[in-house]
Amino acid sequence: MSENKKLEQNQREEPMSFMTKVIITGFIGGVFWSLIGYFAYIFSFTEISPNVVLQPWALGDWKKGWLGHIISVILLGLFGIGAALIYAAIFKKFQHFWIGIVYGLALWGLVFFLLNPMFPSIKTVMELTLDTNVTNVCLYILFGVFVGYSISFEYNEMQNQNQHTKQQTHSSSNE
């Protein structure tokens with residue numbers, strides 16, 4: 001028994017794969033920034049609550065209560081995974097935070113211009129208050145920077161580690 005514990009302690013943990021990190025980053029980013037959005041709604045910085053995501057699909061008043069808010073935050077975390085996977089597929093090699101800003105703006109445009117008809121309770125951008133528009137643009141930009149920088153950092157760390165491993169293998173084979 002004691003010998004097994006020693007062996008178990010000496011084993012190295014397998015590092016998470018890049019895709020696992022992307023999924024976790026997207027989920028955490030979606031949950032975190034939707035919670036910040038909920039607080040912005042509570043403090044009247046925005047007219048739009050995260051539970052607006054349930055409006056087209058869920059029936060009943062439960063979606064306006066605490067359960068609706070919790071489910072909305074989790075659902076936005078799942079949407080965050082999708083956004084992170086798209087970012088990883090297209091932009092992972094770019095190390096500049098500007099790419100994250102542009103990506104966040106693109107997501108905001110997608111939601112507030114293209115997908116707006118799916119959400120009848122959301123007014124058009126021109127009908128929303130300036131506070132609401134500025135707050136939501138900032139939240140989307142912050143989500144884009146969070147996801148973008150995290151994914152790019154992990155990708156570049158993985159590339160540097162692979163390059164370092166190749167150099168070590170190459171130098172040891174020359175000896």
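**Exercise 1.** Determine which residues V147 is in contact with, leaving aside its neighbours within four places in sequence.

*Solution.* Take contact as heavy atoms within 4.5 Å. With sequence neighbours within four places left aside, the partners of V147 are T25, A84 and Y87. The model is predicted: local features need pLDDT of at least 70, side-chain atom pairs count only at pLDDT 80 or more, and totals for chains, interfaces and linings use all residues. Residues are numbered from 1 along each chain as its sequence is written, and side-chain values use heavy atoms, without hydrogens and water.

**Exercise 2.** Identify the members of the largest nonpolar core that touch the most other members.

*Solution.* A nonpolar core joins buried (under 20% relative accessible area, 1.4 Å probe, protein chains only) Ala, Val, Leu, Ile, Met, Phe, Trp, Tyr and Cys residues through side-chain atoms within 4.5 Å. This core has 14 residues, and F18, V22, F143, V147 and I151 touch the most other members. Two or more residues come from each of α2, α3, α4 and α5, with α5 giving the largest share, five residues. Another core, of nine residues, lies apart and includes V52, F112, V125 and V137.

**Exercise 3.** Describe the lining of the largest pocket.

*Solution.* First, count: 31 residues line this pocket, and V53, L76, F79, V111 and Y140 lie nearest its centre. Next, assign elements: α2 (18–42), α3 (66–91), α4 (97–114) and α5 (130–174) each supply at least two lining residues, and α3 provides the largest share, six. Finally, classify: 22 are nonpolar, nine polar and none charged.

Methods: On a 1 Å grid over the protein atoms alone, a cavity is a set of points where a 1.4 Å probe fits but cannot get out, and a pocket is an open set with protein on both sides within 12 Å along at least five of seven lines; lining residues have an atom within 4 Å of a point. Helices (H or I, at least four residues) and strands (E, at least two) are DSSP runs, numbered from the N terminus. Ala, Val, Leu, Ile, Met, Phe, Trp, Tyr, Cys and Pro count as nonpolar, Asp, Glu, Lys and Arg as charged, and the others, Gly among them, as polar. Buried means under 20% relative accessible area, exposed over 50%, partly exposed in between (1.4 Å probe, protein chains only).
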